[in-house]
Amino acid sequence: MTKNMNPPSARGPLDHAVREQIVEAAFEHFGHYGYEKTTVAELAKSIGFSKSYIYKFFDSKQAIGEVICANRLELIMAAVLSAIEDAPSASEKLRRLFKALTEAGSELFFHDRKLYDIAAVAAQEQWPSTQKYSESLMKLIESIIIEGRQAGEFERKTPLDEVTFAVYMVMCPYINPVQLQYNLEMAPTAAVLLSSLILRSRSEERRVGKECR
């Protein structure tokens, strides 16, 4: 399913400007008509280009969608990093991480419904942009767990990769666009309750470990 997002010709200032113009026009067009209902021919017509000219820059509709999806996911990750930046502890970072992710997903669902469709298709088909986002999120969770262990907030007996993946899986129904649409109403409450549950389990295991020694 992986597509080459770079056009085959050499890049130059003019080519870059045209490429950006296509992406911006596609963003508006997909937002209005929906990703799956739009063809490259329709997109080309809306911009005033020929279909063959667009194919000089993108080899498929997915390649255009990839750029849009990657841009949106970068914005979400930037919002998440900003939300946890000044958190006083790893525990608070985990709480804010849950909250920021569910809010970002809900915002996209409510305010850019047709653009949300791109994210859903990308998640279902495992586009490279969504895989990269998942990997970045896993690394962020891992860094928070490590910070919490070093500060004595979390237990250290459970393998790090198991804890990281478990936290990620708990988050999935509220951050994966395919699953989020079925959990949208409970997402704000889930962000609070599930993060608290995870934090209690981490700290309780740490206390049990101390008592057994």
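1. Terms first. Ala, Val, Leu, Ile, Met, Phe, Trp, Tyr, Cys and Pro count as nonpolar, Asp, Glu, Lys and Arg count as charged, and the others, Gly among them, count as polar. With these classes, the lining of the largest pocket has 20 nonpolar, 6 polar and 1 charged residues. Please keep in mind that this is a predicted model.

2. Overall make-up. The chain has 10 helices and 0 strands. Its pattern along the sequence reads α-α-α-α-α-α-α-α-α-α. The chain has 213 residues, and 43% of them count as buried.

3. The largest pocket. Its volume is about 470 Å³. A total of 27 residues line the pocket. Nearest its centre lie Ala-123, Thr-130, Tyr-133, Ile-175 and Pro-177. Which helices supply at least two residues each to the lining? They are H4, H5 (90-111), H6 (113-125), H7 (128-150), H8 (160-175) and H9 (177-180). H6 gives the largest share, with 6 residues.

4. Helix H1 and Ile-22. Helix H1 covers residues 13-33, and Ile-22 lies in this helix. Is Ile-22 buried or exposed? Its relative accessibility is 0%, so Ile-22 counts as buried. The cut-off for buried is under 20% relative accessible area. Ile-22 and Ile-54 are 32 residues apart along the chain. Their C-alpha atoms are separated by 7.6 Å.

5. Helix H2. This helix runs over residues 40-47. Its buried residues are Val-40, Leu-43, Ala-44 and Ile-47. Seen down the axis of H2, they fall within an arc of 100 degrees, so they line one face of the helix. An α-helix has 3.6 residues a turn, so residues three or four places apart point the same way. After H2 comes Gly-48. The phi of Gly-48 is positive, near 95 degrees.

6. Helix H4. Here is a check on length. H4 has 24 residues, 61-84. At 1.5 Å a residue, H4 should span 34 Å. The C-alpha atoms at its ends are 35 Å apart, which agrees. What caps the N-terminal end of H4? Ser-60 does, with a side-chain oxygen 3.3 Å from the backbone nitrogen of Gln-62.

7. The loop between H6 and H7. Gln-126 is found in this loop. Gln-126 is not a glycine, yet its phi is positive, at about 55 degrees. Compare Gly-48, the residue that follows H2, whose phi is also positive.

8. Helix H8 and Tyr-174. Tyr-174 lies in H8. At 11% relative accessibility, Tyr-174 counts as buried. Where does Leu-101 stand relative to Tyr-174? The two are 73 residues apart along the chain, and their C-alpha atoms are separated by 7.8 Å.

9. Helix H10 and Leu-193. Helix H10 covers residues 187-212, and Leu-193 is found there. Is Leu-193 buried or exposed? Leu-193 is exposed, because its relative accessible area is 54% and the cut-off for exposed is over 50%. The C-alpha atoms of Leu-193 and Phe-98 are separated by 9.9 Å. Along the chain, Leu-193 and Phe-98 are 95 residues apart.

Note on methods
Residues numbered from 1 in each chain as written. Predicted model: local features only at pLDDT ≥ 70, side-chain atom pairs only at ≥ 80, totals over all residues. Heavy atoms only, no water. Buried < 20%, exposed > 50% of the residue type's maximum accessible area, 1.4 Å probe, protein only. Helix = DSSP H or I, 4+ residues; strand = E, 2+ residues; numbered from the N terminus. Arc of directions from axis to C-beta. Expected span 1.5 Å × (residues − 1). Polar contact = N/O pair within 3.5 Å; in protein donor to acceptor, adjacent residues only side chain to side chain. 1 Å grid on protein atoms, 1.4 Å probe; cavity = no way out; pocket = protein on both sides within 12 Å on 5 of 7 lines; lining within 4 Å. Points joined across faces, edges and corners; volume = space filled by probe spheres on them.
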